[in-house]
Amino acid sequence: MNAAQAFRIDTATGLQYHRDAELLMKANAFMGVVFLLIGGVLALLISLTRWPAVHLLPADWFYLTLTAHGLDMLVFWIIFFEMAVLYFCASTLLRCRLATPRMAWLGFALMLIGSVTTNVAIFEGSSSVMMTSYVPMPAKPAFYLGLILFAVGALIGCFVFLGTLVVAKNEKTYEGSLPLVTFGALTACIIAIFTIASGAIILIPTFLWSVGYIHQIDPLMYRTIWWGFGHSSQQINVAAHVSVWYAIAAIVFGAKPMSEKVSRTAFFLYIVFLQLASAHHLLSDPGLSSEWKVFNTSYFMYFAVLASMIHGLTVPGAIEVAQRDKGFTKGLYEWIRKAPWGNPVFSGMFISLIGFGFLGGISGVMMGTEQLNMIIHNTLYVPGHFHATVVIGTTLAFMSLTYFLIPSLFGRQLWMPGVAKWQPYLFGFGMYMFCLVMMGAGTLGVPRRHWDMSFAGTLLPHEFPGSAYLMMGLVGISAVAAVIGGGMYVLVTVGSLLFGRRVEGSTFATRPTPLPRAPVAAAIGGHGGGAGAFAAPGTFTLAMVFLVAFVLYYFINWKYLSTVWGLS
Amino acid sequence: MSAILPPAKRVWWKEPLDRVELTWILIAFAWAMVLFFMMPYWHAFGRQNLSNEAYRISAEAFSAKAQAMVDKYTVREETEQKIPVVHPPEGSDVYLIARLWQWWPILELENGKSYRLHLSAMDYQHGFSLQPSNINLQVVPGYEMVITVTPNQAGNYSIVCNEYCGLGHHQMVSRLYVK
């Protein structure tokens, strides 16, 4: 690489990209989108099979497809993209060089080899063990080996991120504390290291078991540790997509956090308490005490839920304050009515935030309550919940960020901006519907990971009510809508890289240019006016609507629980 | 673009809070305490709680206990596979085997009476899902879970497997009668 061009400054945004980091971000984001595309095709096949009137795939292909869909989406798409986000938050936002780019490429190579290995193992058949691969159901050794390689690669990426923070500090490329978004990314990175360690601790012995070196893996131990990986990996996503929300609020509105102290404390609560949530998956298991379950499932007193509720207020609150500063002060809601709803960077982020809170957040607390879990465990309610958190929350937030990164990072104008404009709406609202009807079907008892809810050919079939069939039909229809929305995203991103007009006017430099100091006026003025002000009344009313929905739905579930058989 | 820049004031942790944030934090904290309180409360006063009773057990030992119950309390056989229907007395130990791809035997219980239900899996993990009540429990090989159940409505129930257990997973369904 030409040393004179080690840093590129994007004129439109003023962001500075270290060329090594830039290439890595592009490669990671691109591989993420490749897996999103594969996972999306699989999603279509799965939902067309669960749609009773269509029932597309035969049983063995259904279970194979479901295994691949889970890993390609939840692990490979999201973590590849998260690597790009981590490098962006470190090297670009702190305006410094990336630490050890060669190690970062090694990590990328391991992730690529690992993800391909696991996919090959799945598509060869006889590894249709679902994403969870519960022992003692065996998969091929290559299935576990691929996951281990991928995890090691991701771990290297995490340490490159941490190293880059050190580089920025030593080379004094920024002053004061880390930006909030980088702080959030650091949270995600710390959670990721815990997650990957849990994955290694359980998957390495499981790999050895699959090749015959270990006689037996205790299934309950497997579940306990595996979920330290399986659930925690979704907590990386939460920390990452909340950071992306803050970043987009800053990019689109120039919004600054209402209070650095509150937002950072909320991220810190994630580090301390979010991991406990992996216990949610063990609430109906034998052999774990209720004390253990209650302590852990509440994330110790629900402090992680508290943190999410804080972010849910402070992100739109920061937008409201920024909008009011611009003069959108009429009534409670002019700030949101006059927001740029035609800009997919914003609309996607806002649909992501609302859906994550109302659908993903509330349902997550239901499932995570020890007793309520009994009327939800392993029904379709569970995928209904996590599609709301991971697809509406994480995937849609990442999609919105992409629309910003295509011009800034990839240097291309959006191709087919009209499609991009509508994409978050079709994808987001398709997924809203999809999650709601899945939860509805789960409430009616429809099991997850199940090929045939009609139990055709069995001796004593169970007849689900007609409403359950209606829900499953709606699952199919809304899934098709969401998949089309996802396809539009892939079309725009890939199309932009191939056919988008180049963005001209970047400048290049050999050395990083440090951030200009914040103007003194901004430092004094700040937002909100401090204690005593009520800076975001519109957001506050929205938060109260959320709270009322939460309280009502919570107690409806207890009411329903009280009508089932006595259990003690 | 401030959330992506270092805080404008170096000593950001001394900034006063906005009232919107403070009020919301207090409300959310109070709600979190309610959420936490409900679980111990239900253990004390609710009627739907999981017991903490569980044992390690081999598939053979569990299967032998189930067989002994079947030998003692079978009242009839159903389907062409001649699956025994067991009608155990009130308060007795009732065993239900989960295996590829069958629940065994069929249980017949009486409304309003309590039974100690023992669950274990012979091979892979399975999911006990009682329909249409929608009560769901994880069944793990090597572990015997004991839970006292008290049916509160007579009728024909189904037991569906809702933990993926291989290619015949969707055929693993059985009956449970409450008289």
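**Figure 1. Aromatic pairs in the predicted model, with Phe183(A) and Phe267(A) as an example.** Across all chains of this predicted model, a search of the whole structure finds 47 aromatic pairs. One of them joins Phe183(A) to Phe267(A) in an edge-to-face arrangement, with 6.4 Å from centre to centre and 65° between the planes. Phe183(A) belongs to helix α5 (residues 180–210) of chain A and Phe267(A) to helix α7 (residues 260–273) of chain A, so the contact ties together parts that lie 84 residues apart in sequence. Phe183(A) is partly exposed, at 22% relative accessible area, whereas Phe267(A) is buried, at 0%.

**Figure 2. The edge-to-face pair of Phe62(B) and Tyr95(B).** The ring centres of Phe62(B) and Tyr95(B) are 5.6 Å apart; their planes meet at 70°, over the 60 degrees required, so the pair counts as edge-to-face. Phe62(B) sits in helix α2 (residues 59–73) of chain B, and Tyr95(B) in strand β4 (residues 93–99) of chain B, so a helix and a strand 33 residues apart in sequence are tied together by the pair. Phe62(B) is buried, with a relative accessible area of 0%. Tyr95(B) is also buried, with a value of 10%.

**Figure 3. An aromatic cluster with residues of chains A and B.** Phe358(A), Phe546(A), Phe550(A), Tyr554(A), Phe555(A) and Trp558(A) form one aromatic cluster together with Trp31(B) and Trp42(B).

**Figure 4. Arg76(B) and Lys179(B) over the ring of Tyr177(B).** Arg76(B) lies over the face of Tyr177(B), at 5.4 Å from the ring centre. Lys179(B) likewise lies over the face of Tyr177(B), at 5.8 Å from the ring centre.

Key:
Residues numbered from 1 in each chain as written. Chains lettered and ligands numbered in written order. Predicted model: local features only at pLDDT ≥ 70, side-chain atom pairs only at ≥ 80, totals over all residues. Heavy atoms only, no water. Phe/Tyr/Trp six-rings, centres within 6.5 Å; stacked < 30°, edge-to-face > 60°. Helix = DSSP H or I, 4+ residues; strand = E, 2+ residues; numbered from the N terminus. Buried < 20%, exposed > 50% of the residue type's maximum accessible area, 1.4 Å probe, protein only. Lys NZ or Arg CZ within 6 Å of the ring centre and 35° of its normal.
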